[in-house]
Every structure is written in C-alpha cells, then in structure tokens.
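I opened this notebook to record what I looked up in the structure. The entries follow the order in which I consulted it.

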Amino acid sequence: MFHFFRDTQYALTPLTALFMKKVFRYVLGGLAAIVLLIAAAALFIQWRGIPTYDKPTLQQTVELTPNRVVRGKKLASMLCAGCHFNAETQRLSGKHMKDAPAEFGEIHAPNITQDARHGIAAYTDGELIYLLRTGVKRNGQYAPPYMAKLPHMSDEDLQSIVAFLRSDDPWVQPTPIASTPSQPSFLTKFLAHVAFKPLPMPAHVVPQPDTTDLVAFGRYLTTNLDCWTCHSGDFTKMDMLNPEQSFHYLAGGNKMPDNDGRIMNTLNLTPDKETGIGNWTEEQFIKAVKYGLKDGEPALRYPMVPYLELTDYEAKAIFAYLKTVPPVKNRIQRTAFD
Ligand code: HEC
Ligand code: HEC
C-alpha cells in the first residue's frame, strides 16, 4: 500500500498529491488515536479491576430459628458448599476452584466461616442478603459470575441461609485460615465493566412457593437450585432475571471443566423424546438426580453432583415442571471418557 502510494504520487497534480498526503496523515492519525484509546481503556480496566458500586445500606436482621437453620443448611449444602466447603477443615473455609473455566482467571472461593479476621463476621445480615441478591459485596465490589446470586429465592429461604451462616453449626465455626485472593483474568475484568452488572434488589417480598402445586414448586426448585444455569445452552446468553428467556433454556449445551480439566457437556433436560428426557420415567429421574444412578448404573459425573438432600417429593416436583417446559430438539453428546 505504501509503495502504491509513492509510485502513483507523480501522476497526481501537486495539489491533489498534497491533499492525498494530508488525508493519509489524518487517517493514520485517526488510527493511531483509536489504537491509543483502546490501549488506554485496556490499561484502565486492568488497573481498576472489578468495578465497585454503592455499598449496601440494607438494614435487616434475620431471626435465628431452629427451622431456619436446618432449612438453611440444606440449601447451603446444595448451593454454597460446592465452592466454599473445604474437605480438609470440614468447614466453609474456602478452596481453590480448580473447575472454574480458565478464561475467568484463577478463582478461589473465600472463607465464609464466622472467623473475625478471615471469615465474614463483619458482614451484617442485611449485607449478606444484599450480596446474595445483587452480587455486591459489603465493600461495594461486584462479585463476578463465579459467585452465586439468588434473585428468585423466597425471602424466607434466603433468610434461612443467613440464619445458617450465623448458627452454631460446625461448618461455619470460626476457622482462622486466610482466603487466597482470586486473580480474575482481563476478560473477567472487561466483562465486569461492559456485560455483568449487579442485579436489582427485588422491589417486593418474594413469597414461598406453593408446595402443593407440583409444577410451580418444581419451577421454583429448578430456578433456585441452579439446574437451569448449567443445563441451558450458553453461559453468555443467560437471562438471570427471566430464566425462561435464556438461549436453549434447559436444553443443554453449556460446557464446563471437571476437576481434571476435561470438558463436560451438560445435557438436554427438556421433554423432547429423542434428545431430552421425554422418555424418562419419574422414578428414573428421581434416582438419577438424587443418587446419580440410572437403571442401577452410574449416570452422572462431576460437575453434576447428586442432590442427596432433595426429598423424593422435591425431585418429583422438578420432574413435573420439566415435563411442562417446551421441548427443544438439541442432541448433546455425553462427554465420552472412561
Ligand atoms: C460457583 C462457586 C460459588 C458458589 C456456588 C457460591 N460462592 Fe460465594 N463466593 C465465591 C467466590 C469465588 C467468591 C469471591 C468473589 C470475589 O472475589 O469477589 C465468593 C464470595 C462470597 C462471599 C463474600 C466474602 C467476602 O469476603 O466478601 C460470601 C459471603 C459468599 N460468597 C457466600 C456464599 C453463599 C452463602 C453461597 C450459597 C448461597 C455461595 N457463596 C455460593 C464462589 C461461590
Ligand atoms: C454445575 C452444573 C450442573 C448443575 C447445577 C446441575 N447439573 Fe445436571 N448435569 C450436569 C452435567 C455436566 C451433566 C452430564 C454429566 C455426565 O456426562 O455424566 C448433567 C446431567 C444431568 C442429568 C442426566 C441427563 C441424561 O440425559 O443422562 C440429569 C437428569 C440432570 N443433570 C438433572 C439436573 C437437575 C434436576 C439439576 C438441579 C437440581 C441439575 N441437573 C443441576 C451439570 C449440572
């Protein structure tokens, strides 16, 4: 291109040549400015890290009742333990999340025991609720998508989780182990500036589901136990506030590494007969979800962990709800390895 310009220069009148040179200089200058701007934006994002927002001001005190603590532990064992439970300490003292997609960076779930220095003793009940609803921590920093958010959970269930975190259960007793800070990648920082935003605080009370309405109860569990986030089509096309609007809702396809870095496909849970669970019986489903068995054979591998804490009635409700979801023909191969 440069040669072409120089060679043809002589064919042009001096005025046009001058003009062209000017244009060329402007174009070059413009390009340089754009490159500089991008570099500056990248530097800014790298320097600023994960963005911060207004600190939570929610004033709320959660009453600790025995029922709430039991309910809270059940929910936390299905929803929080996978990341925060440490097998060595047998407490929620945090761990390295080896199965977080490498693109996110090096992620460590922090210590959320009641330890004053290393745990979450400083959080108020209101700050915990605010974090679990919106994703904003007590220091105002946004917790990226690798930390759970619970926009649809009933107020009562959410308070149960907080009651459990405050309880005398062994899992949450003060454990003086410093959390290793996560090293979010540039991509995570970038997306936290342009794509991921804190979720709004619900404007109204989020009621308990009607447990006698099997389908409604199943929908509540499917949404709040995170079945849908793993089992939909694409992590980047999820609608956190309106799960059903997500791309390939419950039709499988999301990919996630297991603890050895092998990429696992999540499977189609819509009632399509060929590619989903349309031909499964309720009994097969309950056994698979609760015990990881299908027809007596191991059916589920990590990161699909059997939901031992679910009652048969709850698993049945999930099945009843899944039967009502629009079937999607989407053949997903189970990841093959032995
Ligand atoms: C997929 C993994 C994952 C799950 C599931 C998860 N967390 Fe977290 N959690 C994290 C990570 C990673 C962070 C650190 C986020 C950051 O660096 O901003 C975190 C941060 C937190 C914090 C803030 C700690 C601080 O020092 O500010 C609290 C409190 C917390 N989680 C509680 C919970 C509870 C309660 C649940 C269950 C309802 C839960 N988490 C589920 C990974 C997870
Ligand atoms: C952390 C991500 C994750 C979550 C959360 C999750 N699953 Fe899974 N699920 C998977 C993966 C991955 C597989 C495939 C496992 C394999 O290949 O062995 C799977 C497999 C299954 C299967 C077997 C399907 C088949 O065709 O063999 C069923 C049924 C299932 N999940 C139901 C559920 C239900 C119900 C929930 C919520 C209570 C849930 N899953 C939550 C990741 C997840």
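Entry 1, layout. I first checked domain spacing: the C-alpha centres of domain 1 and domain 3 lie 46 Å apart. The chain is divided into domain 1 (20-49), domain 2 (66-194) and domain 3 (214-322), with bounds from an automatic or database domain assignment. I note that this is a predicted model, in which local features need pLDDT of at least 70, side-chain atom pairs count only at pLDDT 80 or more, and totals for chains, interfaces and linings use all residues. Residues are numbered from 1 along each chain as written, ligands are numbered from 1 in the order written, and side-chain values use heavy atoms, without hydrogens and water.

Residues 67-169 are 38% helix and 6% strand, and residues 213-326 are 32% helix and 9% strand.

Entry 3, ligand 1. I looked up the shell, meaning residues with a heavy atom within 4 Å. Ligand 1 is surrounded by 24 residues, the closest being Cys80, Cys83, His84, Lys137 and Met147. Helix 5 gives the most, with 3 residues; helices here are DSSP runs (H or I) of at least four residues.

The side chain of His84 has an N or O atom 2.8 Å from a nitrogen atom of ligand 1. Oxygen atoms of ligand 1 lie 2.6 Å from a polar side-chain atom of Tyr123 and 2.5 Å from a side-chain N or O atom of Lys137.

Conventions. Helices (H or I, at least four residues) and strands (E, at least two) are DSSP runs, numbered from the N terminus. A polar contact is a pair of N or O atoms within 3.5 Å; within protein, one must be able to donate a hydrogen and the other to accept it, and residues adjacent in sequence count only if both atoms are side-chain atoms.
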